[in-house]
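Please keep the structure open while you read.

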Amino acid sequence: MEQSVGTYNAEAQKNIKASWDKFARVYDQFIQINTLQLFNTLLVHTHAHQRKRILEVACGSGMHSLYLAKTMLQRGAVLVSTDISEEMIGMYKEKFEGDEDFTQLKNNKLSIIKGDIENGFNPESYFEDGKRSVVAGLANNEALPFTDASFDCYLANLSLMLVDNHLNQLSEALRVTQPGATFGFTVWGRREFVQNMACVHDVFERNGVNIKKSPSGKTPYDLGKDPEALRAVMEGMGYKEIRMWYQKCNFAFKDPEEYVFSILEGTINKAVLSELPEEQAAKIRAEVREEYMKRMGGDHVMDPNHFECLIITAKK
Ligand SMILES: C[S@@+](CC[C@H](N)C(=O)[O-])C[C@H]1O[C@@H](n2cnc3c(N)ncnc32)[C@H](O)[C@@H]1O
């Protein structure tokens, strides 16, 4: 489907939210430690350690945010983290509140907003001289509640490829940032180099099951397979100094069981399997395990080149 900025499918957003809520806990336990590799790259290349107003969208369950807040957030800076999933923000709260090394320091300030962040939110009101301020709450990447030009750094690790209309996300990122702001996005890479996911998707397709697409019909591989097309779109919108490169983010699963469990229960694949008759879902689970052993797990060690992602950095 041809998309343009402003085409917003409200019904679809409810479904996206509901499916992420369902597997958020497994994602938190097994996946987010792996995607930290990409987040780290974004922090370095957006100079997050020198930024004052950082927005991290689709933050997940808070591991990355806590890492950023504890290791490089400056005093006098604000980190605002948002996600569409209540479960994710619930775990975010647990993570921060459970971390005494963050909460017990007098220069740190944590604010968790209940429910959707209200339109017109300005992070300036959370800024406190000499303190590191962290704010989290619910928001949709495609329609952010923040006032224009609120942030000087925008981070989106592994979300642009799965939102319904990525043009809305790109346009909102520009709107809420100040001139000179830095951007960091990541998306999945080329399917042939994303074996940890393609392994599952090839099994789905062999069994006549479609992989999960966004409501508008995009697969998560679509943006990362053609960086130049994405660059042209971003340049047309006004992004400057765009840099793109592929980087491996290989998952460090301990054994095939952990792989199969995480990849089928801790990602959007769970939503696909839960719609199938139990017998067919069981067949697919068994085949995914076999496929893993064939392609990546002969000696129970994953092929070290199995998850390519596209890093995108830019400036406003
Ligand atoms: C692949 S996870 C990435 C989480 C984290 N950034 C990471 O790197 O591990 C995708 C996240 O995007 C969130 N998400 C999906 N669609 C969204 C949307 N339209 N707006 C905001 N968050 C969204 C999900 O709830 C989930 O936490």
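The UniProt record, an unreviewed entry, annotates residues 55–183 as "domain: Methyltransferase type". The model is predicted.

**Around the ligand**

The shell around the ligand holds 21 residues. Trp20, Thr35, Ala58, Gly60 and Ile84 come nearest. Helix H1 supplies the largest share of the shell, 5 residues. By type, the shell divides into 11 nonpolar, 8 polar and 2 charged residues.

**Helix pairs**

| Pair | Axis distance | Crossing angle | Handedness |
|---|---|---|---|
| H1 (residues 10–45) and H8 (residues 256–265) | within 9 Å | roughly 140° | left-handed |
| H1 and H2 (residues 63–71) | 9 Å | about 45° | right-handed |
| H6 (residues 195–206) and H10 (residues 278–295) | within 9 Å | roughly 135° | right-handed |

Take H1 and H2. Their axes pack at an angle of about 45°. That makes H1 oblique to H2. On the H1 side, the contact is made by Gln32, Ile33, Leu36, Phe39 and Leu43. H2 contributes Met63, His64, Tyr67 and Leu68. The residues of this contact divide into 7 nonpolar, 2 polar and no charged.

H1 also packs with H8. Their axes cross at roughly 140°, so H1 and H8 are oblique to each other. Phe23, Val26, Phe30 and Ile31 of H1 meet Glu258, Ser262 and Glu265 of H8. Here the contact residues divide into 4 nonpolar, 1 polar and 2 charged.

How are H6 and H10 oriented to each other? Their axes cross at roughly 135°, and the two helices are therefore oblique. From H6, the residues in contact are Gln195, Cys199, Val200, Asp202, Val203 and Phe204. They meet Ile284, Glu287, Val288, Glu291, Tyr292 and Arg295 in H10. This contact divides into 7 nonpolar, 1 polar and 4 charged residues.

**H1 in brief**

H1 runs over residues 10–45. Its crossing with H8 is left-handed, whereas its crossing with H2 is right-handed. H1 also gives 5 residues to the shell around the ligand.

Definitions and conventions. Residues are numbered from 1 along each chain as its sequence is written. This is a predicted model: local features need pLDDT of at least 70, side-chain atom pairs count only at pLDDT 80 or more; totals for chains, interfaces and linings use all residues. Axes are lines fitted to C-alpha atoms, for helices over the stretch in contact, and angles run from 0 to 180 degrees between N-to-C directions. Helices (H or I, at least four residues) and strands (E, at least two) are DSSP runs, numbered from the N terminus. Angles under 35 degrees count as roughly parallel, over 145 as roughly antiparallel, 65 to 115 as roughly perpendicular and the rest as oblique. A crossing is left-handed if the near helix is turned anticlockwise from the far one by less than a right angle, and right-handed if clockwise. Two residues are in contact if their C-beta atoms, placed from the backbone, lie within 7 Å. Ala, Val, Leu, Ile, Met, Phe, Trp, Tyr, Cys and Pro count as nonpolar, Asp, Glu, Lys and Arg as charged, and the others, Gly among them, as polar. UniProt positions are given in the numbering used here, feature names are shortened, and annotations may be inferred rather than shown by experiment. A residue is near a molecule or strand if its C-beta atom, placed from the backbone, lies within 6 Å of it.
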